[in-house]
Amino acid sequence: MTNKFRFLISCIFCILNAYSQTPELEQAYNNAFYYHYTNKDSAYHYYKKTIALANKQNELEYMLSGYLYLMNANGHYYDLKNYQKNLHAEDSLLKHDKRFESLENLSYYKDYLLFDKGNYHYKIKDYYSSKKYFQELFIKLSKIPEQERTSDNLATLSSLYSFLGVIYKHTGKYELAEYHLKKGSDLVIENKDSIADWETSMYSTQKLLSQVFEDKKDFLAANIILAEASTYYETKAKDPSFKNRLLSTNLFLAKNFIKQGKFQMAITTLQKNSPFYDKANPFSIEVDLIYGDAYVGLKEYAKAIDYYNEGLQNTSAYREHQKHQDIAEVYARLGSVYMLQKSTSRGLKNIQLALAQLEKDFDALDYNANPNPEKVLSKLSLTKILKEKLNALYEAYGQSKDIKYLKIAHKTSKAIIHTLDVLRPEFESKLDKEFLVKETYPTIQKMVKIAYELYEKTQDKIYVNDAFYFMEKSKSIALLEAQRNAEASKFGNIPEKTIRKEQLYRAKISQFDEEIFNAKQNAKSAVVDSLFMTKKKYYDYLATLENDYPKYYDLKYKASVISMADVQKELNSNQAIFSYLVAENSLFLISITKNKAEFYQLPFTESLKNSIIDFYRQLSKATLEDRNAFTKNSHLIYMAIVAPALKNNTATDITILADDVLNYIPFDVLQTKAENEKSYVLATYSISYASSATLLQEQHKTLLKKKNNLLVFAPNFGGASLKNKASQERFDMEPLLYNAQEAQNISNYFKTAIYEGNKASIPNFKKYVDTYNLIHFATHASANDEFPDYSYLAFENTDSISNLLYVKDLYNYTIDADLVTLSACQTGFGKLQKGEGMLSLARGFNYAGVPAIVTTLWKINDQSTSEIMDFFYKNLSKGLSKKEALRQAKLSYLEANDDAFLRHPYYWSGIVITGNSLPLHTTNYFLWAICAFIGLTLIWLVSKKLLKRR
């Protein structure tokens with residue numbers, strides 16, 4: 001008996017006892033209840049008899065209760081056809097039968113009808129409608145003051161939290177899912193004295209939470225929860241109402257074992273519960289499928305197919321042979337196992353049959369055809385099955401070497417991208433969007449591999465274009481969305497007052513986030529609730545904006561990325577873009593210049609990956625002891641990832657679109673000759689970096705300011721009294737010896753405001769950030785690998801306010817600057833995330849709209865950085881591009897230092913520039929004087945020539 005149903009019985013018995021009834025009616029009612037869990041047909045018979053007698057005798061409470069119990073039985077037996085029929089019948093009664101208008105407890109039955117509507121739509125996997133009904137009831141019950149809530153109110157709220165949590169889980173919204181399930185569990189524990197059988201309710205919610213952990217690959221946490229729930233339910237095994245709970249818990253546990261590769265343990269778990277698997281129980285359908293999954297893992301494919309076919313037959317019958325995503329997923333399983341048996345035609349046929357189950361009007365068995373993602377039953381299921389199709393087609397090509405399979409696979413790649421574009425607006429949470437990208441990333445790698453093989457076989461450049469398109473679709477999607485969201489806010493015809501309201505929501509969310517991060521465990525709960533409610537209001541508010549301002553929606557969810565042809569139009573003759581994508585054992589590189597594009601598949605072994613990581617370690621420490629090893633790694637990496645693209649390339653201005661561990665490498669320190677430690681790429685090439693070509697294009701659209709004004713922050717961190725403890729590296733929050741001098745030096749080249757000591761504060765940053773187009777931070781910083789949003793930039797410590805500017809704070813800023821220089825430690829370093837790159841401080845400034853950022857890859861040296869920054873700003877003032885200004889600054893530093901130790905790359909190569917590297921509009925009067933002199937000279941020469949002719 002479910003916890004909710006127990007409350008239902010107790011409440012309705014109390015209601016019915018207050019009314020008279022005939023012995024015949026009471027007997028029918030009692031018989032129905034007696035057979036509720038043990039005999040479906042008898043239960044149905046007596047509930048219908050109860051309803052008929054109650055209608056005849058005008059016993060309205062009995063009539064509605066009969067429907068309510070009958071639908072509970074429908075749900076228990078997963079009899080969805082009768083569930084729907086009885087829902088319509090009760091709904092019609094409450095709307096049209098005038099007898100019920102004066103019923104004292106009418107609101108109770110209306111509430112429970114809402115719950116039943118939500119439950120029915122949940123069972124048919126119409127999650128949109130289900131959520132609508134559950135939320136309507138949830139809002140109503142939430143308005144009841146806590147002290148006035150009855151046991152039934154609490155039990156219903158707990159169930160609603162669980163249902164909403166699972167709906168969010170099934171739609172890929174894991175942040176919301178985890179919140180609701182934890183909230184439901186906490187509600188039960190906090191009110192256990194008021195909720196009968198509270199343990200049952202708690203374990204029901206906990207086992208659902210285990211599925212969220214499982215999807216996020218936290219198998220240990222899921223296992224612990226499921227084992228505890230299973231042990232508890234076994235103590236209740238004699239109660240028939242616990243049968244489905246025990247069965248579903250052990251099914252979850254078996255699936256968990258399969259995901260961990262523990263296939264025999266999954267089978268043992270299923271066998272242990274075999275007495276429960278009678279054919280009348282709809283859960284037995286899933287048992288067949290899990291057995292099939294386990295036998296696939298054990299490579300016993302024939303057994304797996306038998307179980308899948310049995311599951312297909314039962315699932316199809318259960319869904320009344322109507323199209324459904326559950327049937328689609330069984331066909332997909334069959335397709336995958338046939339592919340493992342090398343039965344290509346049967347495998348592909350079943351996967352195509354799976355796709356046909358997802359759209360009402362789609363029946364094509366031609367492998368070239370795919371459903372319309374705008375019309376399918378489930379976009380997530382479509383994405384999953386299209387991935388299966390892509391893998392199957394590639395496997396078919398591997399078996400047959402028939403290029404037609406590669407071409408269909410390539411077409412399927414585009415269908416997956418289209419589906420993701422349609423799906424992405426449904427994800428509100430930043431965390432869930434990042435999870436979606438991460439889960440999709442391996443498929444993007446397969447898409448690029450397929451495009452490369454087609455290019456190799458056909459030499460058709462269209463496949464290079466498509467591969468570049470796929471790579472762009474995999475790079476910094478969240479960052480690009482942030483850029484487009486800012487653009488949408490500016491140009492979406494939204495009133496300024498409305499935009500400010502959105503900014504207030506974002507600031508409030510950021511504040512709650514920080515409070516949770518810093519709070520002790522026992523104090524987090526209340527803030528988590530406040531954060532969730534604010535997020536919910538914010539997402540609802542955004543939905544309103546998207547509905548009311550169509551242009552805003554179109555700009556925000558614009559799915560296009562820049563084409564390779566458009567990239568080439570924007571390049572000069574000496575420029576190139578190198579776009580990388582790391583796959584399992586390969587590195588794909590597309591080199592793009594003004595007039596051509598080259599596509600490479602380069603070996604990317606574990607040994608090479610280890611060399612890159614080792615190289616980073618050698619760069620980030622100043623030592624001459626392993627100079628030979630450093631030189632060897634430098635040249636080895638150059639030959640492996642850069643040399644092939646430079647072989648027939650005359651470009652000297654190169655933009656790197658890095659991927660994975662390549663983000664650790666400053667490319668200008670790579671050596672072109674193994675025997676010459678001075679043969680750095682720096683000597684010949686200007687190097688800059690970008691998150692993606694699409695984002696770079698957006699950053700190039702930024703209009704540069706006509707006047708350059710420089711804002712510098714140089715905190716003292718303790719001043720002269722602590723000078724004896726001053727550090728040579730900018731990471732330990734002790735005084736810096738050279739940052740004040742750095743500030744003075746760079747102020748020589750632009751109109752500058754310097755904020756030192758107590759003036760170098762966050763309030764002053766907020767106050768003046770919009771006044772200057774060049775912003776320079778000579779300070780401490782820290783990269784947080786575990787929580788990237790809490791990497792920070794340090795300001796002067798004050799008593800009144802925190803001196804740490806976190807990445808997450810920058811999400812709420814709009815910084816209208818042409819260039820930000822983060823002259824601090826590890827500002828370009830952070831956690832690597834598939835599809836998003838390095839989650840660093842620099843990324844925070846990108847979110848804030850800064851088009852060009854100078855950052856550091858490790859804990860930099862204070863003195864050498866100060867010298868390089870002096871050269872850098874001097875070069876900027878002369879009108880050099882930002883990347884060339886930085887290149888020349890590094891060369892000047894090397895030329896000025898004869899000491900081999902100070903020439904170590906640790907001192908200079910970790911400073912890099914990302915984004916728009918075009919020149920600033922210069923205000924350098926010396927340069928203007930040169931231009932004027934040249935102009936006057938030309939005028940004089942022309943005048944002289946004209947006089948001679950006369």
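# Reading a predicted model, feature by feature

Reader: Which residue forms a salt bridge with K883?

Author: Here is the general idea. Side chains of opposite charge can pair when their charged atoms come close. In this structure, the partner of K883 is D653, and the closest N and O atoms of the two are 2.5 Å apart. This pair links distant parts of the chain: K883 belongs to helix α36 (residues 882–896) and D653 to strand β4 (residues 653–657), 230 residues apart. D653 counts as buried too, because its relative accessibility is 14%.

Reader: How many salt bridges does a search of the whole structure find?

Author: The search finds 28 of them. One of these joins D326 to K125, with 2.4 Å between the closest N and O atoms. D326 sits in helix α16 (residues 325–340), while K125 is in the loop between α6 (106–123) and α7 (127–142), so the pair ties together parts that are 201 residues apart in sequence. D326 counts as buried at 17% relative accessibility, whereas K125 is partly exposed at 26%.

Reader: Which parts of the chain does the pair of E234 and K272 link?

Author: The side chains of E234 and K272 meet in a salt bridge of 3.1 Å, N to O. E234 is in helix α11 (residues 219–234) and K272 in helix α13 (residues 263–272), and the two are 38 residues apart. E234 is partly exposed, with a relative accessible area of 35%. K272 is exposed, at 54%. Salt bridges can also join up: K169, E214, D215 and K259 are linked in a network of them.

Reader: Now for the nonpolar residues. Which residues have the most contacts inside the largest nonpolar core?

Author: The general idea first. In soluble globular proteins, nonpolar side chains tend to be buried together. The largest core in this model has 162 residues, and F100, I590 and F599 have the most contacts inside it. Helix α4 (residues 60–76) gives the largest share of this core, ten residues. Apart from it lies another core, of 69 residues, which includes Y600, F615, A643 and L876.

Reader: Which residues is I590 in contact with, leaving aside its neighbours within four places in sequence?

Author: The contacts of I590, with those neighbours left aside, include V464, F468, M471, I577, F578 and F599.

Reader: How do I read a helix? What does α3 reach from its first C-alpha to its last?

Author: An α-helix has 3.6 residues a turn, so residues three or four places apart point the same way. Helix α3 (residues 40–57) has 18 residues and reaches 26 Å, close to the 26 Å expected at 1.5 Å a residue. Its buried residues are S42, A43, Y44, Y47, T50, I51, L53 and A54. They pack against α2 (23–34), α4 and α5 (80–96).

Reader: Which residues does F532 contact, leaving aside its neighbours within four places in sequence?

Author: F532 is in helix α24 (residues 524–548), and its contacts beyond those neighbours are L176, Y179 and H180. At 10% relative accessibility, F532 counts as buried.

Reader: What about sheets? What order do the strands of the open sheet have?

Author: Strands of a sheet pair through backbone hydrogen bonds, either parallel or antiparallel. Here, an open sheet of three strands has the order β9-β10-β11, with antiparallel pairing. β9 (781–782) and β11 (804–806) stand at the edges, each with a single partner strand, so one side of each has no neighbour in the sheet. Strand β10 (residues 792–794) pairs with β11 over three bridges, and A794 stands opposite L804 in β11.

Reader: One last thing: what is the mean pLDDT of the chain?

Author: Where pLDDT is low, the predicted coordinates should not be read in detail. For this chain the mean is 83, and 84% of the residues reach 70 or more. Over residues 1–18 the pLDDT is below 50, yet this stretch has 59 contacts in the model beyond near neighbours in sequence. Residues 923–928 are also below 50, with ten such contacts.

Note on methods. Residues numbered from 1 in each chain as written. Predicted model: local features only at pLDDT ≥ 70, side-chain atom pairs only at ≥ 80, totals over all residues. Heavy atoms only, no water. Helix = DSSP H or I, 4+ residues; strand = E, 2+ residues; numbered from the N terminus. Buried < 20%, exposed > 50% of the residue type's maximum accessible area, 1.4 Å probe, protein only. Contact = heavy atoms within 4.5 Å. pLDDT = per-residue confidence, 0-100. Pairing = 2+ DSSP bridges. Core = buried A, V, L, I, M, F, W, Y, C linked by side-chain atoms within 4.5 Å. Salt bridge = Lys/Arg side-chain N within 4 Å of Asp/Glu carboxyl O. Expected span 1.5 Å × (residues − 1).
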